[in-house]
Amino acid sequence: RCSPGYVKALNEMGVDVVSLANNHTLDYGREALSDTFAALDGAGILYGGAGDSAERAKQVQVIEVHGKKYGFIAVSRVVPTADWKVENAVPGLFSCYDTTALVEVIKEARETCDYVAVYPHWGVEYQAYPEANQTQIAKACIDAGADVVIGAHPHVLQGIEYYNGKPIFYTHCLQGVSYIEGKPVFYSLGNFIFGQSIDRSAMLEVTIDAAGRASYRFVPVYAAGGVTYPAEGGQAESVLNYLDGISEAAVASDGTVTED
């Protein structure tokens, strides 16, 4: 709804890719969504989860760094009306009430990308724990080949859990037994920039080393007066302890996330 010129704020923050798959994408109509595509294209920012065709809405956004390809897929399970779905009208959203198309997109991405991240918009607002449909979608994503699933929509932090084997950040063989890297699901990162104060939230830092091993760390944050700040001291400790308490995974005092 704001001036397209404000897209420069995303450039100034260093944003490379965004998700447009959410329950407000078409609040101001299809022309406004097309304007959003144009503004992002003009700023050189990739976007996923919405498009002027089904193919474009489902398209994997790929960023190549040091010879490695990182794929980003955006999708929503919170769609206000059926005509927002790109299969029913364009421009529209990529949705996953049925995960068939999402699974196929992930499998295709897995063939060409070294690391695949899926960003679903899902869950229930202000609920601390995921719904059954969130865990089902997450499992389908990881079974299809996703390396990480990072959720949005609840406006609050939700927990973390791992699927597919023991979540260690390496693969090796010991006495003929292979240990396969597990894949984490971050059900909701809460709010980061919002039109109100934010008592506790977190950024997720993902680091992938030269060997392709991924590690994950939370950076606690809060917001006051419309400005988001890093949380420090006891405030940061409180956020991390809370995340550890609601998660199947373990969150250490420095924010590092592991299976246990």
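Trainee: Which residues are exposed on the other side of H2?
Mentor: Glu31 and Gly42 are the exposed ones there. Keep in mind as we go that this is a predicted model.

Trainee: And which residues of H2 are buried?
Mentor: Leu33, Phe37, Ala39, Leu40 and Ala43 are buried in H2. Looking down the axis of H2, those buried residues fall within an arc of 165 degrees, so they line one face of the helix.

Trainee: Why would residues a few places apart end up pointing the same way?
Mentor: An α-helix has 3.6 residues a turn, so residues three or four places apart point the same way.

Trainee: Okay, and what covers the buried residues of H2?
Mentor: The cover includes helix H1 (8-13), along with strands E1 (17-19), E2 (46-48), E3 (50-51) and E6 (92-93).

Trainee: How far does H2 reach from its first C-alpha to its last?
Mentor: H2 takes in residues 29-43, 15 residues, and reaches 22 Å, close to the 21 Å expected at 1.5 Å a residue. Glycine 44 follows H2, and its phi is positive, near 75 degrees.

Trainee: New topic, pockets. What volume does the second largest pocket have?
Mentor: About 250 Å³ for the second largest pocket.

Trainee: How many residues line that second largest pocket, and which lie nearest its centre?
Mentor: There are 16 lining residues, and Tyr70, Asp114, Ile208, Asp209 and Gly212 lie nearest the centre. By class, the lining has 7 nonpolar, 2 polar and 7 charged residues.

Trainee: Last one: is alanine 214 buried or exposed?
Mentor: Buried: its relative accessibility is 1%, and the cut-off for buried is under 20%. Alanine 214 sits in strand E14 (residues 214-224).

Trainee: And how far is alanine 214 from valine 148?
Mentor: In sequence they are 66 residues apart, while in space the C-alpha to C-alpha distance is 9.6 Å.

Terms used
Residues numbered from 1 in each chain as written. Predicted model: local features only at pLDDT ≥ 70, side-chain atom pairs only at ≥ 80, totals over all residues. Heavy atoms only, no water. 1 Å grid on protein atoms, 1.4 Å probe; cavity = no way out; pocket = protein on both sides within 12 Å on 5 of 7 lines; lining within 4 Å. Points joined across faces, edges and corners; volume = space filled by probe spheres on them. Nonpolar A, V, L, I, M, F, W, Y, C, P; charged D, E, K, R; others polar. Helix = DSSP H or I, 4+ residues; strand = E, 2+ residues; numbered from the N terminus. Expected span 1.5 Å × (residues − 1). Buried < 20%, exposed > 50% of the residue type's maximum accessible area, 1.4 Å probe, protein only. Arc of directions from axis to C-beta. Contact = heavy atoms within 4.5 Å.
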